[in-house]
Amino acid sequence: MNIYLEKTESTNIIAKEKAASLPHGSAVFAEEQTAGRGRFSRSFHSPPGTGIYFSVILHDVPDKALITPAAAVAVCRAVKKHTDKSPQIKWVNDILLDGGKICGILAEASAGSIVVGIGINFTTDFSQFPELNAASVFGRGETPSCSREELAESVISGLISLCGKPGFMNEYRALSCLIGEKISYMQNNEKHFGTAIDVDDTGRLLVKTSGGTFALSSGEVNTVRKI
């Protein structure tokens, strides 16, 4: 059972309110979000008619830590299924295409269930917002090879099929744009540097530094641009 809205603050807000009364795999869709957000409460640009904004409700998920990686893999699979493009995952929850962010993911707990918010830039034109470093699945002047509904359906079915099946982490690693790259990351309000060497089976980013190798479970990570 899905809910369709013309406009709302955030599909995650509605999905969390309705989670207890809706079955596993139900989704809340919106044509436009006025307060779409991602991790660290950052806003997600959600104009009407050009993006795909929805939240999926998942019940009885055995390994909640793997939901965000599962959603990332599901989005990449869906994009590759309907296009000739090769998206990549920027740990932990961003999907990139040619270096520009096309999708953000925000998983939140709600009364024992998980709500997974997914925002995909389908044909959004970001030419007037260069500071966002964003892109769309289909760029300016490009004719989409699928509909928004088809892409969303593929993402949802893919996410549901991956729930509770940790074997997909090999695919997540193969899609990563960070493994092997020099990165910067914040820890205790300080910027640190290292090399991303792997993602373990629990979704943690393994980072090699001068002080040894450790697992980063959350935070903001960026590649260090080569000069």
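Is Tyr4 buried or exposed in this predicted model? Tyr4 is exposed, with a relative accessible area of 60% (exposed is over 50%, buried under 20% and partly exposed in between, with a 1.4 Å probe and protein chains only). The model is predicted, and local features need pLDDT of at least 70, side-chain atom pairs count only at pLDDT 80 or more, and totals for chains, interfaces and linings use all residues. Residues are numbered from 1 along each chain as its sequence is written, and side-chain values use heavy atoms, with hydrogens and water left out.

**View 1. The open sheet of seven strands.** The strand order is S1-S2-S3-S7-S6-S5-S4, with mixed pairing (two strands pair if DSSP finds at least two bridges between them; helices, H or I of at least four residues, and strands, E of at least two, are DSSP runs numbered from the N terminus). Strands S1 (3-8) and S4 (88-90) stand at the edges with a single partner strand each, so one side of each is left without a neighbour in the sheet. On average, neighbouring strands are turned by 25° against each other, direction ignored (axes are lines fitted to C-alpha atoms, for helices over the stretch in contact, and angles run from 0 to 180 degrees between N-to-C directions).

**View 2. The antiparallel strands S6 and S7.** Eight bridges join S6 (residues 100-110) to S7 (residues 113-121). Ile105 has Ile118 in S7 as its bridge partner.

**View 3. Helix H2 across the sheet.** Helix H2 (residues 67-82) lies across S3, S4, S5 (94-97), S6 and S7. Its direction runs at about 145° to S6.

**View 4. Helix H1 and its buried residues.** Thr11, Asn12, Ile14 and Ala15 of H1 are buried. They cover an arc of only 160° around the axis, which puts them on the same side of H1 (the arc is that of the directions from the helix axis to the C-beta atoms). These buried residues pack against S1, S2, S3, S6 and S7 (contact means heavy atoms within 4.5 Å).

**View 5. The aromatic cluster of Tyr4, Phe29 and Phe54.** Four aromatic pairs are found in a search of the whole structure (rings of Phe, Tyr and Trp, the last by its six-membered ring, pair if their centres lie within 6.5 Å; planes under 30 degrees apart count as stacked, over 60 as edge-to-face and the rest as tilted). The ring centres of Tyr4 and Phe29 are 5.2 Å apart and the planes are at 10°, so the pair is stacked. Tyr4 belongs to strand S1 and Phe29 to strand S2, 25 residues apart. Phe29 is buried, at a relative accessible area of 15%.
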